[in-house]
Amino acid sequence: MTAVSNGVTKMAIEHSEIEKIAVLSHIRITSEEIGQLAQRIAEILQMVDQLQAVDTHDVEPMANPLDAVQRLRPDEVTQSNRRDAFQAIAPAVENGLYLVPKVID
Amino acid sequence: MQWETVIGLEVHLQLATQSKIFSGSATTFGAEPNTQASAVDLAMPGMLPVLNAQAVHHAIKFGIGIGAQISKHSVFDRKNYFYPDLPKGYQISQFETPIIGKGSFEILMEDGSSRTIGITRAHLEEDAGKSLHEDFINYTGIDLNRAGTPLLEIVSEPDIRSAAEAVAYLKALHSLVTYLGISDGNMAEGSMRCDVNISLRPSGSTLLGTRTEIKNVNSFRFVEKAIHHEFQRQAEILEEGGTITQETRLYDADLDETRSMRSKEVANDYRYFPEPDLLPVVVDDAYIESIRKSLPELPDGKRTRFMTQYGLGPYDANVLSGSKPLADYFEAVAEQCGDAKIASNWVQVELLGQLNRVGSSIEECPVSAIALGSLIRRILDNTISGKMAKQVFESMWAGEGDADEIIEAHGLLQVSDTGAIEAIVDDVLSANAAQVQQYLNADEAKRKKLVGFFVGQVMKLSKGQANPQVVNELLAKKLTHNEAE
Amino acid sequence: MHTKSVAQLAKGLRERQFSSAEVTRTYLDRINALDGQYNSFITVDESAALAAAEAADERLANGTAYALTGIPIAHKDIFCTDGVRTSCGSRMLDNFVPPYDATVVERFKSAGAVLLGKTNMDEFAMGSSNESSFYGPARNPWNTDLVPGGSSGGSAAAVAGLLAPAATGTDTGGSIRQPAAFCGITGLKPTYGRVSRLGIVAFASSLDQAGPMAHSAEDCALLLNAMAGHDPLDSTSATVATQDYCATLSDSLDGLRIGLPKEYFGEGLDATTGECINTALKELEEQGAKLVEMSLPHSSLTVPTYYVIAPAEASTNLARFDGVRYGYRCENPADLHDLYSRTRQEGFGEEVKRRILVGTYALSAGYYDAYYKKAQQVRRLIKQDFMHCFEQVDIIAGPTTPGPAFALGAKSNDPVAMYLEDVYTLAVNLAGLPGLSLPAGFVEGKPVGLQLIGQHFGEALLLNVAHRFQQATDWHLRTPGSATEGTL
């Protein structure tokens with residue numbers, strides 16, 4: 001298995017890129033762990049970069065293994081109010097609302 | 001410098017369905033918080049979406065209504081971002097292959113001119129929940145009842161050139177979707193919400209300037225005000241040689257201003273990709289055709305028909321076809337009275353005037369179309385005068401009964417009996433001998449005025465009940481007679 | 001009792017040789033006594049299990065029982081169970097007690113099966129060794145220094161250790177077949193869409209599929225009969241009719257064409273493991289099957305393809321774990337971003353975070369076409385390889401894994417080496433095919449798994465072949481010493 005590159009192969013990944021995807025993923029990363037994380041992710045990406053060598057011209061991407069189509073559901077109300085059951089397992093609720101720290105637009 | 005405004009609108013239309021787009025929860029407005037949020041809507045682990053057939057049906061109906069391309073194969077995508085009112089951390093939407101492609105429709109301005117506005121696309125997606133910032137001091141409360149309500153996002157081309165056109169577009173769109181029955185169009189309840197993309201360019205230029213997107217503009221009036229405000233703001237910056245920052249701005253109706261939403265500035269990367277929990281939506285010609293056949297007459301068609309069938313002018317036809325209940329009302333009045341032009345006049349002037357004054361809609365009108373048509377018939381058959389009819393209409397509005405009952409009860413019956421009117425005419429002419437003399441010596445213009453005076457006197461003496469036509473005929477006869485002597 | 005198969009237990013229950021309460025008690029006692037060495041269960045609710053057993057006994061008594069009534073079944077802790085904590089092996093869901101059942105759980109309940117407990121697993125099913133579990137690794141009953149495989153390692157260990165007659169698992173890239181191979185049991189990953197995904201905590205939506213894990217193919221068939229079927233609440237659930245998977249178990253293999261992909265027998269395959277596989281294939285040949293050499297040319301791309309698609313889907317499937325509506329929430333969040341980022345930092349383990357980050361990267365602006373779209377295209381090529389082969393053969397066979405179970409800790413610091421453990425199993429998920437692993441011998445006392453791959457919805461044939469093999473061999477009847485020593 002040889003990793004052939006046509007432009008996207010990455011032997012290393014910038015720490016700033018890790019920080020960017022950590023922000024998008026909303027996962028806090030400490031400065032101590034970022035180095036090793038970058039190294040591991042770079043290894044994974046390097047392995048993944050084998051894909052770049054494949055000729056996929058005119059190949060339709062496959063999102064579903066059976067290439068099936070969507071069934072439609074009749075427009076009927078089938079769910080009743082289960083708020084108590086759902087909110088019994090919620091971290092913070094008041095007056096039927098889920099609470100989060102104040103959001104400022 | 002003269003600036004041209006370039007506007008494109010994104011309208012989020014809540015579709016009228018019983019249940020949500022991907023779950024069996026109810027969509028009723030105004031329920032207690034989170035009582036209409038099922039495990040699917042709450043993004044409980046393991047929960048999966050299943051597409052509501054009615055949402056697809058409504059979207060295709062809209063596509064046919066604007067003559068758009070209907071995608072026979074459309075795909076749902078995930079739009080990934082974190083927000084507390086977005087439980088899954090992604091919104092199920094359509095990115096690369098929306099269900100509705102390019103279309104267009106015509107808007108008519110008040111001056112009678114018309115413009116065609118292009119529709120770029122319309123796609124299905126789910127609504128988010130609501131964040132309630134006011135109820136708590138340190139917290140925001142999240143109500144997910146709205147999460148999963150089906151939306152059709154309708155994106156226009158940047159074809160709109162003024163606030164007035166934007167409003168006309170929205171009104172025409174509102175009219176179309178309520179005609180189609182795909183949305184209740186209730187703007188106060190958020191059924192139709194609008195984002196405005198706006199940029200300026202020197203008049204005559206064909207390049208597009210940097211645009212801003214104004215979110216949260218949820219009434220026709222606010223759209224107009226927000227556009228005016230944003231035009232001023234951008235014009236001032238450009239006049240001073242500045243540049244416009246591409247950004248999202250929020251319209252604050254209380255302060256009548258737009259302000260930058262810095263929280264949305266954090267480089268958004270929505271990472272769209274095909275939603276693996278849903279499969280491609282495939283519709284065939286037969287299905288599209290069956291919807292096409294079920295389509296009601298739409299505003300455009302109705303407007304044209306009103307012009308050809310009833311001989312109405314474009315403005316009148318546009319007003320009367322503006323909403324289906326109004327159009328139906330007008331047609332029922334016209335049929336009952338047999339004269340569409342008078343019906344058009346009465347509906348627009350008396351009826352809509354009165355409805356506006358009391359702030360009611362046509363659906364709440366206390367005077368039925370049949371009743372109004374019957375009243376107009378009494379004008380046409382000379383039972384009452386037009387002036388009397390207005391009085392009768394007021395009584396009908398007050399619930400005093402139908403036209404004939406009121407005419408009877410108030411003794412408003414028009415007198416057409418020649419003998420009775422002749423006696424009054426004679427009285428008037430002998431009591432005003434000086435004016436009769438003046439008439440005999442006057443030129444045409446002056447005579448006309450004096451006839452008006454005599455008519456007025458006769459009407460006064462007859463308490464308005466004399467048939468004006470008969471009065472005119474008799475006066476003419478008598479005055480000619482006097483002249484001959 | 002604990003050495004009986006599901007089929008034998010069902011027969012005994014029907015004939016009232018013993019009660020479900022007795023069977024259930026036996027297994028609960030074994031769990032209490034022996035699971036200290038395997039760590040195969042995360043949650044066991046004894047009283048609920050015994051109550052369900054008593055209800056089953058009533059049905060058995062009044063003649064309203066089904067095939068699985070009274071049989072204790074362990075569910076991987078990824079299936080939501082109404083009123084029973086469903087952790088998915090994660091701190092994030094350590095306190096999560098769903099108020100609903102997964103469709104699979106509901107189907108077992110209505111079939112009268114007894115929920116014995118929830119089994120250990122790699123966190124959010126991301127792993128091939130069970131070492132990423134928040135509850136500590138499960139261990140291999142054949143040698144507790146070895147991993148049981150993953151991610152359904154707890155289910156495999158529980159069945160192999162005779163702590164449950166059968167269990168459920170899920171398989172996104174080999175998570176049923178690989179631990180089944182490592183622990184010497186039989187495990188089936190059905191065709192994508194054959195078993196409902198509703199109520200299964202999602203890892204990678206287009207790959208996830210639940211299936212049975214038991215000692216024998218016959219037991220797997222009994223379980224699949226209960227599990228399979230269309231679910232209107234899962235859009236990806238297949239509408240293809242199910243069949244009685246027990247009915248064709250004993251059909252003759254005469255004339256069966258078995259394809260042997262050369263890529264599955266080449267470099268990377270442990271030699272002794274290969275010998276076991278070849279011996280097993282000879283047995284099938286003796287029963288009338290024809291072995292056909294063939295090729296799956298895109299095999300070397302399954303690992304990179306999988307490790308784009310699975311993390312990409314996972315990165316967004318796991319976005320819902322935000323500390324707002326259920327599950328873990330960090331202490332004293334300063335603001336909204338802090339709530340999200342610290343909840344997810346503290347709630348997720350290393351491997352899960354790594355995969356979320358990789359998946360986010362693969363989907364992010366500028367990389368989507370090079371990674372995600374490319375992988376979806378290669379995925380089609382991989383599927384086409386299989387479709388071409390199935391024009392010439394009825395099933396495909398090969399090793400389930402490159403070698404037998406490895407020692408705990410051996411690969412936990414090398415994600416890519418760990419990912420390569422799945423080299424023979426991933427393609428089946430990418431192509432949506434059914435795959436089955438069955439015991440085919442031992443390497444130095446460590447079980448070896450033979451993998452059978454079928455055409456879409458060809459589960460019955462896989463079970464038939466496995467059953468015929470098991471009628472002629474006893475690998476699936478071997479039990480580890482750790483499970484039979486002592487007083488129980």
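Two residues count as in contact here when their C-beta atoms, placed from the backbone, lie within 7 Å. This is a predicted model, where local features need pLDDT of at least 70 and side-chain atom pairs count only at pLDDT 80 or more, while totals for chains, interfaces and linings use all residues. Residues are numbered from 1 along each chain as its sequence is written, and chains are lettered from A and ligands numbered from 1 in the order in which they are written.

**View 1. Chain C meets chain A.** On this interface, 56 residues of chain C touch 41 residues of chain A. Helices and strands are DSSP runs numbered from the N terminus (helices: H or I, at least four residues; strands: E, at least two). On the chain C side, the elements giving two or more residues are α9 (302–317), α10 (336–347), α11 (350–363), α12 (369–389) and α13 (415–419). The largest share is from α12(C), with twelve residues. By class, that side of chain C splits into 28 nonpolar, 16 polar and twelve charged residues (nonpolar: Ala, Val, Leu, Ile, Met, Phe, Trp, Tyr, Cys and Pro; charged: Asp, Glu, Lys and Arg; polar: the others, Gly among them).

**View 2. α9(C) packs against α11(C).** The two helix axes sit 7 Å apart, at an angle of about 100 degrees (axes are lines fitted to C-alpha atoms over the stretch in contact, and angles run from 0 to 180 degrees between N-to-C directions). So α9(C) is roughly perpendicular to α11(C), a label for angles of 65 to 115 degrees. From α9(C) come Val308(C), Pro311(C), Ala312(C), Ala314(C) and Ser315(C). The residues of α11(C) in this contact include Arg355(C), Ile356(C) and Leu363(C). The tally for the contact is eight nonpolar, three polar and one charged.

**View 3. An open sheet built from chains A and B.** Four strands line up as β2(A)-β3(A)-β9(B)-β8(B), with antiparallel pairing (strands pair if DSSP finds at least two bridges between them). At the edges, pairing on one side only, are β2 (93–94) of chain A and β8 (130–132) of chain B. Between the chains, four bridges join β3 (residues 97–101) of chain A to β9 (residues 139–143) of chain B. Look for Leu99(A), which stands opposite Gly141(B).

**View 4. Chain C on its own.** This chain has 16 helices and eleven strands. Its C-alpha trace spans about 60 × 55 × 45 Å along the principal axes. Of its 488 residues, 66% are buried (20 or more other C-beta atoms within 10 Å of the residue's own, with C-beta atoms placed from the backbone).

Notes. Buried ≥ 20, exposed ≤ 12 C-beta atoms within 10 Å, placed from the backbone. Parallel < 35°, antiparallel > 145°, perpendicular 65-115°, else oblique.
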